[in-house]
Amino acid sequence: MHIREFQEMIKDIYFHKDRKRGVERTFFWLVEEVGELAEAIRKGDKEAMDEEFADVLAWLASLANLLGIDLEKAAEKKYPGVCPYCGKKACECEE
């Protein structure tokens, strides 16, 4: 599945709820899910990590849908197969 397909699937399922919730509250849900992902990583719970990564991706797609952002297009523009800063296929930027 491509990013755009996933985003459209999330829109088909949740957009009616997301629109009612609004951008701010949807963003807060995304942040909460990132916190849950952090906890799963801290605990080393692989099953929980799988679920939380999926939740973060879904809430990110919901937020992008509300704001009219095509995640796949944005990702391809920012990350065109090379580091957007040094232009190398294997990043050589100093940390």
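A residue counts as buried under 20% relative accessible area, as exposed over 50%, and as partly exposed in between. Cys93 has a relative accessible area of 31%, so this residue is partly exposed. The model described here is predicted.

The protein chain contains three helices and zero strands. From the N terminus on, the order of elements is α-α-α. Along the principal axes, the C-alpha atoms fill a box of roughly 45 × 35 × 25 Å. The chain has 95 residues, and buried residues account for 27% of them. The accessible surface of the chain amounts to about 7,100 Å². Carbon and sulfur atoms contribute 57% of that surface. Contacts were also sorted by sequence separation. Among those between residues at least 6 apart in sequence, 60% join residues at least 24 apart.

His2 sits in the segment before helix 1. With a relative accessibility of 51%, His2 counts as exposed, because the cut-off for that class is over 50%. His2 and Glu72 are 70 residues apart along the chain, yet 7.8 Å separates their C-alpha atoms.

Tyr14 is located in helix 1, which spans residues 3-43. The relative accessible area of Tyr14 is 38%. This value falls between 20% and 50%, so Tyr14 is partly exposed. Tyr14 also belongs to a nonpolar surface patch, together with Met1, Met9 and Ile13. The four residues of this patch have about 410 Å² of accessible area together.

An unreviewed UniProt entry carries the annotation "domain: NTP pyrophosphohydrolase MazG-like" for residues 24-85. In the model, this span is 81% helix and 0% strand.

The cysteines were then checked for pairing. A disulfide is a covalent bond between the sulfur atoms of two cysteines. The criterion applied is a pair of cysteine sulfur atoms within 2.5 Å. By this rule, the model has zero disulfides. Cys91 is in no disulfide, and its nearest cysteine sulfur is that of Cys93, 3.6 Å away. Cys93 is likewise in no disulfide, with the sulfur of Cys91 as the nearest cysteine sulfur. The separation of 3.6 Å is not within 2.5 Å, so Cys91 and Cys93 are not counted as a disulfide.

Terms used:
Residues are numbered from 1 along each chain as its sequence is written. This is a predicted model: local features need pLDDT of at least 70, side-chain atom pairs count only at pLDDT 80 or more; totals for chains, interfaces and linings use all residues. Side-chain values use heavy atoms; hydrogens and water are left out. Patches are made of residues with over 30% relative accessible area and no salt bridge: like charges are joined within 9 Å, nonpolar side chains (Val, Leu, Ile, Met, Phe, Trp, Tyr) within 5 Å. Accessible areas come from the Shrake-Rupley method with a 1.4 Å probe; for residues, only the protein chains shown count as cover. A salt bridge is a side-chain nitrogen of Lys or Arg within 4 Å of a carboxyl oxygen of Asp or Glu. Helices (H or I, at least four residues) and strands (E, at least two) are DSSP runs, numbered from the N terminus. Buried means under 20% relative accessible area, exposed over 50%, partly exposed in between (1.4 Å probe, protein chains only). UniProt positions are given in the numbering used here, feature names are shortened, and annotations may be inferred rather than shown by experiment. Contact means heavy atoms within 4.5 Å.
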